[in-house]
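Me: I am new to this structure and would like to know what stands behind the words used for it. Could you take me through them?

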Amino acid sequence: MVALVLALFIMLPMTALAEPGIDSNAMQAQSTRTAPLTIGEVLARIELTHPLLQAVGAERAKARAKILKALGAWEPQIKNYTQTERYTTWNLTTAFDIPSQHTTGYADSTVQVGHPWGFTVEGGLRSGFGDKGNARIAYPPDVLGTYQQQHFYYGGSFHLLRGFMVNEENAQFQQAELAGPQAEIKVAQKRQDLYLAGAVQYWDWQVAVKQADVVKRALGVAEERLVQVEGLAKGGRIAPLDVIEANQEVQKRREAAIAAQRKVEYEQYKLSLFLWESSEPVTPRPEWAPEFQGETPLPTNEEVAAYKIEAKETRPEVRELYIDAKLNNIDIKLAKNKLLPLLDLEGGPTKGAADWVVGLGYRVGLHLEVPVFQREARGKIMAAEVAQQQLALKQLYAEQQVSFDVDNWLSAQVRARDRVMAATEALRLAKTLEEGERTRFNMGATTVLFVNLRERHVVESAYQLYRAQADYAVARGGMLWARGALAKPWAESELSKYGNPLTAAGTNGYKRPGRD
């Protein structure tokens, strides 16, 4: 009866190890794939299709919007101003129709243009009107238009001290121009983070697949041994207790295989968030997992020193501080400019209709303001200088941080390489002990328990080797991250294998012909 139950249990299908069904359209398109999934393809697909990278790319369009908004301060404006007045000429001794009342006025049609240096000019046409064709007392010496009461004129304003070349509008425009580099830094930062996260997830998935394969092979060995032990027990060569021991080992390894398969599914679902096709994540299959690559030469001391210089120039974290420093310098210039007295010169045609009627054509004014204590300006300068000191300290820390990252990932690469060497040797020795223990078991010199222990050691050693190989790969990728190499787009020759580089997610927001 016990033998029948064991036989039925062994013959049951291992439904727990079956792969879950996936009905994704993108997955169906990859159903016939046989080529292994490489790390280059993972990074290329992130650059081509990842939604988060595409979302950050929209910062480029927002940067151009800021520039357009800042340029609006000096945008040419078409203006029209109409004024009418009623006056009496009884008190004007030069009038020929005393006393008399008249209605007169004018309509100004002008174009006004500003300049970043702080001055504006305007010019246009003044068209007079009134209840009489000659409703003016006198006429200024202006360039006449099509009739006597119509003439051309000009005017403008100019900052002589405060606001000359350095003013609020010009400062906003200069800061808006830095929004473009800021957007590129944000894209580089997101690309760097996604590349590193995708690479780490890729190697975690690869480890899970390899470890699950080891567990499944160990399960198959245990199932074959159970059949062997049952045959030996029926022949009376071993005790029935060994059958229970072998069956228990089968159940333990089956449970481990189920857990390993769950680990594979979990890691492949996480990896699918970095693999997009047709706006859907593609879930990789276990058979796509390649073998781990071999050891690569470690960088020399000269190369490490060059990596640190490269990191200080290309890492987005450091570049962002440079942009912040430029923005703060603009604030400092603007704050210091406010220490100057306000001295504005303006001129143009008279605004009052009565003045215009009696022939007063133009006015010129000089506006002077001198704050006594300069508290506003001194406060802004103080705040900007403190911000400058903070940025200098942050920059010092960031440069040391990127240098530390290079050293850290170099250390990780060296130690992972040493672990791979030690784990490879440990696995070789474990397999030697395993084969020897099996030979002893076949000769009747040992028990199933010791054979199982030797096989468990092989599985554990294989686990450690795959983990060490993955950590070595992560360390190599981490060195690229520390150098700032992952902040740059993946090679276009690789991108063209999996999509169109011109429509890649990493290029989202670039100005196209006909836009803006």
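Reply: On a 1 Å grid over the protein atoms alone, a pocket is an open set of points where a 1.4 Å probe fits, with protein on both sides within 12 Å along at least five of seven lines; a lining residue has an atom within 4 Å of a point. The second largest pocket has 22 such lining residues, and Gly118, His159, Asn167, Glu168 and Glu169 lie nearest its centre. This is a predicted model, in which local features need pLDDT of at least 70 and side-chain atom pairs count only at 80 or more, while totals for chains, interfaces and linings use all residues. Residues are numbered from 1 along each chain as its sequence is written, and side-chain values use heavy atoms, leaving out hydrogens and water.

Me: What makes up the lining of the second largest pocket, by class?

Reply: Ala, Val, Leu, Ile, Met, Phe, Trp, Tyr, Cys and Pro count as nonpolar, Asp, Glu, Lys and Arg as charged, and the others, Gly among them, as polar. The lining has seven nonpolar, ten polar and five charged residues. Strand 2 (101-114) gives the largest share, three residues.

Me: How much space lies in the largest pocket, and which residues are closest to its centre?

Reply: The space is about 640 Å³, where a volume is the space filled by probe spheres set on the grid points, joined across faces, edges and corners. Trp203, Gln293, Ala473, Arg476 and Gly477 are the closest to the centre, out of 33 lining residues. The classes here are 20 nonpolar, eight polar and five charged. Helix 13 gives the most to this lining, seven residues.

Me: What makes a stretch count as a helix, and what is the expected reach of helix 13?

Reply: Helices (H or I, at least four residues) and strands (E, at least two) are DSSP runs, numbered from the N terminus. Helix 13 covers residues 448-483, 36 residues in total. Helix 12 has 68 residues and reaches 96 Å, close to its expected 100 Å. After helix 13 comes Gly484, with a positive phi near 90 degrees.

Me: Why is Arg225 called buried?

Reply: Buried means under 20% relative accessible area, exposed over 50%, and partly exposed in between (1.4 Å probe, protein chains only). Arg225 has 7% relative accessibility, so it counts as buried. Arg225 lies in helix 7. Leaving aside neighbours within four places in sequence, its contacts (heavy atoms within 4.5 Å) are Arg253, Arg438, Val448, Val451, Asn452 and Glu455.

Me: Is Val414 buried or exposed, and why?

Reply: Val414 counts as buried, because its relative accessibility is 18%. Val414 has its place in helix 12. Its C-alpha is 7.6 Å from that of Leu298, 116 residues away along the chain.

Me: How many of the residues reach a pLDDT of 70 or more?

Reply: pLDDT is the predictor's confidence in each residue, from 0 to 100. In this chain 87% of the residues reach 70 or more, and the mean is 86. Over residues 1-24 the pLDDT is below 50, and this stretch has 30 contacts in the model beyond near neighbours in sequence. Where pLDDT is low, the predicted coordinates should not be read in detail.

Definitions and conventions: The expected span of a helix is 1.5 Å times one less than its number of residues.
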